[in-house]
Structures are given as C-alpha cells and as structure tokens.
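Here are some exercises to work through with the model open beside you. Try each task before reading its solution.

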Amino acid sequence: MPSPLSSPPVPRADKRAHLVDTALRLFAAGGYHAIGVDRVLAEAGVAKKTLYTHFPSKNALIAEVLRERDRRFRASLAAFVDRRSAPLDRLAGVFAWHRQWFEEPGFAGCMFLNVAAEFHGEVAELQLLAREHKQAVETYLVGLLEPLTGIDAAPALAADFNLLLDGAIGVALVSGEAGAAERAWSMARRLLPATA
C-alpha cells in the first residue's frame, strides 16, 4: 500500500515541490513548531530566498504542506479501497488501510489533528484546512455507507465512523497499538444495520 506520506520522487529542479515534500516529511515526524524554517532549508538544500520566493511565511508553507498531505492521504485511501468491490468490504477497507498506516515506521499521528492542536485558535487558515480534510474523509465515508444504509442514514453514520477513526489514530499514536484500527472497525460494524 502506498504510504499517505509517500510520493513519486520530486525532481530537484522543481524547488517548490521539493520544499513542500521535505517540509511534509519533517513536520509529520517532528511537529510544526519544533521544526524551524532553517531545518527545512538545510534538509531541502535550498536557500532562504528560494523558500520566500514560493512562500511568504512559514505558515504559508505549512498550509501548502497540509494541502499536499490531504491529496496524498485521500488518493492512497481511495486506491486501497478501490481494490475491493463488495460495499461492506470497501467500508472495511478504510479501517484496514488505517491499520497499515499505523504500522508504518515513524507513524506520528494525523497531521491535521496535530496542526489543530499546535495552532489552536491562532491561525484560521490552518484550522480551516484541518476541518476541510476531516470533512472530506467524512464525505468519502458517506459514499461508502450509502449502498449499505441508504442515503438518509449514511451522513450520521459517517460522522460516527470518522470519530472512531480519529480515536483509533490517537490510540495508535499514544500506545503504538496498530490493532486500534480493527477495534474501531468492530465498533463501527455494530452500528450498521444487520442487513449490511
């Protein structure tokens, strides 16, 4: 399974993409406040002028990192789920994908939950990007749930499933227990109609 953090190698000539890729890797592992601009520049091998040519501030770089993380996360999840055909199996695939993510070396939790915690009440754009990502995941879950529950029940269940996934992410981060994904799926399965 492609990692939510992985991407094709970025040509060094595309310095903007290389900066984003480097910053994504560093912020995911070390946090947003702990990783300074100088560290990103050193790892990317670019000058400060290059950074500020593309991004007027560190927060602007973080915002682009979050947009890229969202693209990678959702593409990887969809590709994994799309290998399955039965509706219930596709829904279970969301939790199986999370299990594999939790088992990755260096798993450091959700970048969107982390940015919301680190910048709580400080940077509206970053809070909005976190909220939009979570909403996009929930909307994706609605689409997977509709064949199983019908259109009316799917939104409320999707919100519950999203909550279970975020809980599993937290448990996996704190305890190192990748099996939190299966526990979340077991709880989610009990919320579905018996006919699903």
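**Exercise 1. Find which residues form one aromatic cluster with Trp 97, then work out how the rings of Phe 102 and Phe 107 are arranged.**

Step 1. In this predicted model, the cluster consists of Phe 73, Trp 97, Trp 101, Phe 102 and Phe 107.

Step 2. Now take the pair Phe 102 and Phe 107: the ring centres are 5.2 Å apart and the planes make an angle of 55 degrees. Planes under 30 degrees apart would be stacked and those over 60 edge-to-face, so this pair is tilted.

Step 3. Phe 102 has a relative accessible area of 7% and Phe 107 has 16%. Buried means under 20%, so Phe 102 and Phe 107 are both buried.

**Exercise 2. Classify the ring pair of Phe 27 and Tyr 32, and decide whether each residue is buried or exposed.**

Step 1. A search of the whole structure gives ten aromatic pairs. For Phe 27 and Tyr 32, the centres lie 5.4 Å apart with the planes at 40 degrees, so the pair is tilted.

Step 2. Relative accessibility is 2% for Phe 27, which therefore counts as buried. Tyr 32, at 1%, is buried too.

**Exercise 3. Locate the residues that touch the most other members of the largest nonpolar core, and name the element that gives the largest share.**

Step 1. The core has 66 residues, and those touching the most other members are Phe 27, Leu 61, Leu 66, Leu 91, Phe 102, Leu 126 and Phe 161.

Step 2. Elements giving two or more residues include helix H1 (15-30), helix H5 (87-102) and helix H7 (124-149). The largest share, ten residues, belongs to H4.

Step 3. Beyond neighbours within four places in sequence, Leu 66 contacts Tyr 32, Met 111, Phe 112, Val 115, Leu 126 and Leu 129.

**Exercise 4. Describe the largest cavity: how much space lies in it, and which residues line it?**

Step 1. The whole structure holds one cavity of 30 Å³ or more, and the largest cavity has about 40 Å³ of space.

Step 2. Its lining is made by Phe 73, His 98, His 133, Lys 134, Val 137, Asn 162, Leu 165, Asp 166 and Ile 169. H7 and H8 are the elements giving two or more residues to this lining, and H8 gives the largest share, four residues.

Note on methods:
Residues are numbered from 1 along each chain as its sequence is written. This is a predicted model: local features need pLDDT of at least 70, side-chain atom pairs count only at pLDDT 80 or more; totals for chains, interfaces and linings use all residues. Side-chain values use heavy atoms; hydrogens and water are left out. A nonpolar core is a set of buried Ala, Val, Leu, Ile, Met, Phe, Trp, Tyr and Cys residues joined through side-chain atoms within 4.5 Å. Buried means under 20% relative accessible area, exposed over 50%, partly exposed in between (1.4 Å probe, protein chains only). Contact means heavy atoms within 4.5 Å. On a 1 Å grid over the protein atoms alone, a cavity is a set of points where a 1.4 Å probe fits but cannot get out, and a pocket is an open set with protein on both sides within 12 Å along at least five of seven lines; lining residues have an atom within 4 Å of a point. Grid points are joined across faces, edges and corners, and a volume is the space filled by probe spheres set on the points. Rings of Phe, Tyr and Trp (its six-membered ring) pair if their centres lie within 6.5 Å; planes under 30 degrees apart count as stacked, over 60 as edge-to-face and the rest as tilted.
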